[in-house]
Amino acid sequence: MNRFADMNRFEGVRTIVTGAGGGIGHAVAARLANEGAHVVGMDLRVDGIDQAGTKLALECDVSDASVVDAAIEQAVATLGGLDLVCNIAGIGHFCTTHEETAEAFAKIVGVNLNGTFHVCRAALPHLLANGEAGGAIVNTASTAGLMGQPWSAAYCASKGGVVLLTKALATEYADKNIRVNAVAPGGTNTAIQQSFASTFPSDATNKKIAKMMSTMGMAEPDEMAATFAYVASPEARFMTGAIVTVDGGITA
Ligand SMILES: NC(=O)c1ccc[n+]([C@@H]2O[C@H](COP(=O)([O-])OP(=O)(O)OC[C@H]3O[C@@H](n4cnc5c(N)ncnc54)[C@H](O)[C@@H]3O)[C@@H](O)[C@H]2O)c1
């Protein structure tokens, strides 16, 4: 059960959450729905999306622009418009950079960065159609988008790209009342941690690993969801272009 869901800030807010089939995206979709949002969840794995809490679960590979265009149209038709987009789908692994393949690099950037762009591009005309009421986008960066992290060239590049994509859109659409921010999580207890843990280089040193770990341990997905919800909510009306770290002090 959600530890933080005692508010009701999203009554009827028409919302798309990508990556809703797992981890942080699942927790965000549940949190927003608990607070009254009408949520369409999108993911590669539609079976992981909470069917009870969402209006529609859509299979969508965010790295494919034409698939995204069609999915956003279907979501908007179901919701009767669009107010809020949370871009949370993401992948990553560790690999020493001189051994990384061009395909793996392109895949990580294709999902994390291009995917975020595809969804924003397809969603923006619908947010603009709200006129004065505007809308909000919350992207997912990472501590790895704000500082270097070993064995993570593709992941760092993709998340660094998300940081400046977010800021670019924030400046471009502020006068249209469309807020664009990103949450930058630190280590959070989800499946993506397994993809990283299972690809740990054999020569990893404690010193390099320590740089990526908070002395506070790991966060839980519902703690990230609480931050996404605040950033998405009207309480954060004056917040745009912000990269909100929730990382146990890693980037402090
Ligand atoms: N967990 C962490 O420690 C951590 C830290 C910093 C940032 N993040 C970011 O948070 C976001 C959520 O990750 P998570 O920790 O919940 O991991 P997760 O693996 O549990 O969830 C990611 C979800 O994205 C989906 N997905 C993957 N590729 C996709 C694609 N091409 N199209 C649509 N959906 C796709 C997966 O199926 C999965 O359901 C990611 O962007 C990740 O980079 C996570």
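Ser142 is buried, with a relative accessibility of 6% (buried means under 20% relative accessible area, exposed over 50%, and partly exposed in between, with a 1.4 Å probe and protein chains only). Ser142 sits in the loop between S5 and H4. The model is predicted, so local features need pLDDT of at least 70 and side-chain atom pairs count only at pLDDT 80 or more, while totals for chains, interfaces and linings use all residues. Residues are numbered from 1 along each chain as its sequence is written, and side-chain values use heavy atoms, with hydrogens and water left out. Helices (H or I, at least four residues) and strands (E, at least two) are DSSP runs, numbered from the N terminus.

- Ser142 touches Tyr155, Lys159, Val183, Ala184 and Pro185, not counting residues up to four places away in sequence (contact means heavy atoms within 4.5 Å).
- A polar atom of the Ser142 side chain lies 2.9 Å from the backbone nitrogen of Ala144. A polar contact is a pair of N or O atoms within 3.5 Å; within protein, one must be able to donate a hydrogen and the other to accept it, and residues adjacent in sequence count only if both atoms are side-chain atoms.
- Thr143 is also found in the loop between S5 and H4, and it counts as buried at 6% relative accessibility.
- Leaving aside neighbours within four places in sequence, Thr143 is in contact with Gln149, Ala184, Pro185, Gly186, Asp247, Ile250 and Thr251.
- Trp151 lies in the loop between S5 and H4 and is buried, at 9% relative accessibility.
- The phi of Trp151 is near 60°, a positive value in a residue other than glycine.

**The sheet**

- The model has an open sheet of 7 strands in the order S3-S2-S1-S4-S5-S6-S7, with parallel pairing (two strands pair if DSSP finds at least two bridges between them).
- Strand S3 (56-59) and strand S7 (243-246) are the edge strands, and each pairs on one side only.
- From one strand to the next, the twist averages 15°. Axes are lines fitted to C-alpha atoms, for helices over the stretch in contact, and angles run from 0 to 180 degrees between N-to-C directions.
- Strands of a sheet pair through backbone hydrogen bonds, either parallel or antiparallel.
- Strand S1 (residues 14-18) pairs with strand S4 (residues 84-86) in the parallel sense over 3 bridges, and Val85 is the bridge partner of Ile16 in S4.
- S4 also pairs with S5 in the parallel sense over 3 bridges, where Ala136 is the bridge partner of Leu84 in S5.
- S5 is mostly covered, with 6 of its 6 residues buried. On one side these are Gly135, Ile137 and Asn139, and on the other Ala136, Val138 and Thr140.

- Asn177 is in the loop between H4 and S6 and counts as partly exposed, at 42% relative accessibility.
- Although Asn177 is not a glycine, it has a positive phi of about 65°.

**Ala232 in helix H7**

- Ala232 is found in helix H7 (residues 221-232) and is buried, with a relative accessible area of 10%.
- Ala232 and Val138 are 94 residues apart along the chain, and their C-alpha atoms are separated by 6.5 Å.
- Not counting residues up to four places away in sequence, Ala232 touches Phe10, Leu84, Ala136, Val138 and Arg179.

**The ligand**

- The ligand is surrounded by 29 residues, and the closest are Ile24, Asp43, Tyr155, Thr190 and Gln193 (a residue is near a molecule if one of its heavy atoms lies within 4 Å of it).
- A polar side-chain atom of Tyr155 lies 2.6 Å from an oxygen atom of the ligand.
- A polar backbone atom of Gly23 is 3.5 Å from an oxygen atom of the ligand, and a polar backbone atom of Leu44 is 3.4 Å from a nitrogen atom of the ligand.
- Taken alone the ligand exposes 820 Å², and the protein buries 94% of that. Accessible areas come from the Shrake-Rupley method with a 1.4 Å probe; for residues, only the protein chains shown count as cover.
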